[in-house]
Amino acid sequence: TSKTIYINSKISMLPLDAIDYIIAHEFCHIIYMNHSKDFYALVQKIIPNYKEIVSWLKENNYKFVLWWRLFNKKYSAKNNFDKYCLNIINLNFKIKA
C-alpha cells in the first residue's frame with residue numbers, strides 16, 4: 001500500500017462537519033485498509049456522530065452533484081473554467097507510516 005490519501009477539493013462545498021468526517025474516514029484507512037468494525041470504531045472515536053453525517057451526505061449528495069455540473073457547464077462553455085476553479089484541484093497527501 002502506498003499510504004497516499006487523495007481528497008478532492010470539491011468537498012470544500014460541504015458543511016464543515018462533513019469535511020471533518022471525510023478527512024477522518026480517509027486517515028483511518030492508514031490504520032485499517034478496509035471498512036471493518038474496527039475501522040468504524042476508530043472513525044467513531046474521532047467523529048462520534050459520524051452516522052448522522054453519513055446519513056446527511058446520502059440524503060444531500062445529489063444537490064452538490066447538480067451544483068457542480070451546472071457550475072462546470074457554465075464556466076467551461078466560456079473557456080474560463082481554470083480561472084474560476086483554481087481551488088478545484090485534487091490534493092495528494094503523502095503519509096509515511
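pLDDT is the predictor's confidence in each residue, on a scale from 0 to 100, and a contact means heavy atoms within 4.5 Å. This is a predicted model, in which local features need pLDDT of at least 70, side-chain atom pairs count only at pLDDT 80 or more, and totals for chains, interfaces and linings use all residues. Residues are numbered from 1 along each chain as its sequence is written, while side-chain values use heavy atoms, with hydrogens and water left out.

The mean pLDDT of the protein is 76, with 69% of its residues at 70 or more. Helices (H or I, at least four residues) and strands (E, at least two) are DSSP runs, numbered from the N terminus; confidence is highest in α2, at 96, and lowest in strand β2 (residues 90-94), at a mean of 42. Over residues 77-97 pLDDT stays under 50, and the model has 36 contacts beyond four places in sequence for this stretch. Where pLDDT is low, the predicted coordinates should not be read in detail.

Rings of Phe, Tyr and Trp (its six-membered ring) pair if their centres lie within 6.5 Å, and planes under 30 degrees apart count as stacked, over 60 as edge-to-face and the rest as tilted.

| Pair | Centres | Planes | Type |
|---|---|---|---|
| Phe39 and Tyr40 | 4.9 Å | 85° | edge-to-face |
| Tyr40 and Tyr50 | 5.7 Å | 15° | stacked |

The pair of Tyr40, in helix α2 (residues 37-46), and Tyr50, in helix α3 (residues 50-77), links distant parts of the chain, ten residues apart. Ring pairs join Tyr21, Phe39, Tyr40 and Tyr50 into a cluster.
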